[in-house]
Amino acid sequence: MNILSFTPPSLFMFSCESDDDNAPDLTNANLAGTYDITAFNGMASETDSTGGVTNISTTTFSSSNFNNATITFTEDGTISSTGSFTFTAVITENGMTETEVEITDVDINGTYTINANSLIVSDLDDVSVTVRNFSNNGLQLFLQKTETDTDYTFGAEVTYTLVRQ
């Protein structure tokens, strides 16, 4: 499974974590603005045990060459994105390693709502996202997804780093 398949489009939920006691509250007014995506990285693992054979795959990924890659939150609860970046995945499956490189569009669009320190975005599903280091200068979005079935497990963690324009 390609890690990008769980980022857009789906329902994603944010909770806020900050080590800064002076950080602003997570509100529509404080979040509103356009943010440059300056980093996207993470890892994923997948285990498939169908047919008596177990296949294990791990992937680490990073990004570069951000081309007008932005996410915009409006005060009225709209989220939109633009741009693209180069996505590099290093995939190891059953001892064999390969590298895939592709240009991917940023595709997070819809509406969001805030409930205390949580934010739900109508464009991503089954992905838990924690807002980290929220400040007047930017934030990090830490996404997690886990799928478990009888003979199958998938887990992924990614971080978007956003800097306010």
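A residue is called buried when its relative accessible area is under 20%, exposed when that area is over 50%, and partly exposed in between, using a 1.4 Å probe and protein chains only. Keep that scale in mind for the tour of this predicted model, in which local features need a pLDDT of at least 70 and side-chain atom pairs count only at pLDDT 80 or more, while totals for chains, interfaces and linings use all residues. Residues are numbered from 1 along each chain as its sequence is written, and side-chain values use heavy atoms, with hydrogens and water left out.

**Start with confidence.** Colour the chain by pLDDT, the predictor's confidence in each residue on a scale from 0 to 100; the protein chain averages 84, and 84% of the residues score at least 70. Now select residues 1-18, where pLDDT stays under 50 although the model has 86 contacts beyond four places in sequence for this stretch, a contact meaning heavy atoms within 4.5 Å. Where pLDDT is low, the predicted coordinates should not be read in detail.

**Next, select Asn68.** Asn68 is found in strand β3, residues 55-73; helices (H or I, at least four residues) and strands (E, at least two) are DSSP runs, numbered from the N terminus. Because its relative accessibility is 54%, Asn68 counts as exposed, and its phi is positive, near 50°, in a residue other than glycine. Most residues other than glycine have a negative phi.

**Stay in β3 and select Ser63.** Ser63 also lies in strand β3, but it is buried because its relative accessible area is 18%. Its side chain reaches the backbone oxygen of Phe40 at 2.8 Å, and, leaving aside neighbours within four places in sequence, Ser63 is in contact with Ala39, Phe40, Phe85 and Thr86.

**Show the aromatic rings.** The structure holds 8 aromatic pairs, where rings of Phe, Tyr and Trp (its six-membered ring) pair if their centres lie within 6.5 Å, and planes under 30 degrees apart count as stacked, over 60 as edge-to-face and the rest as tilted. Tyr35 and Phe73 form an edge-to-face pair, 6.0 Å from centre to centre and with 80° between the planes. This pair links distant parts of the chain, since Tyr35 is in strand β2 (residues 33-48) and Phe73 is in strand β3, 38 residues apart; both residues are buried. Then select Phe40, Phe61, Phe66, Phe85, Phe87 and Tyr160, which form one aromatic cluster.

**Move to Thr161.** Beyond its neighbours within four places in sequence, Thr161 is in contact with Asp36, Ile37, Thr38, Ala39, Leu139 and Gln140.

**Finish at a hairpin.** Strands β8 and β9 form a hairpin with 2 residues between them. β8 pairs with β9 (residues 138-149) in the antiparallel sense over 6 bridges, two strands being paired if DSSP finds at least two bridges between them; Ser135 has Gly138 in β9 as its bridge partner. Asn133 counts as partly exposed because its relative accessibility is 38%.

Terms used
A polar contact is a pair of N or O atoms within 3.5 Å; within protein, one must be able to donate a hydrogen and the other to accept it, and residues adjacent in sequence count only if both atoms are side-chain atoms.
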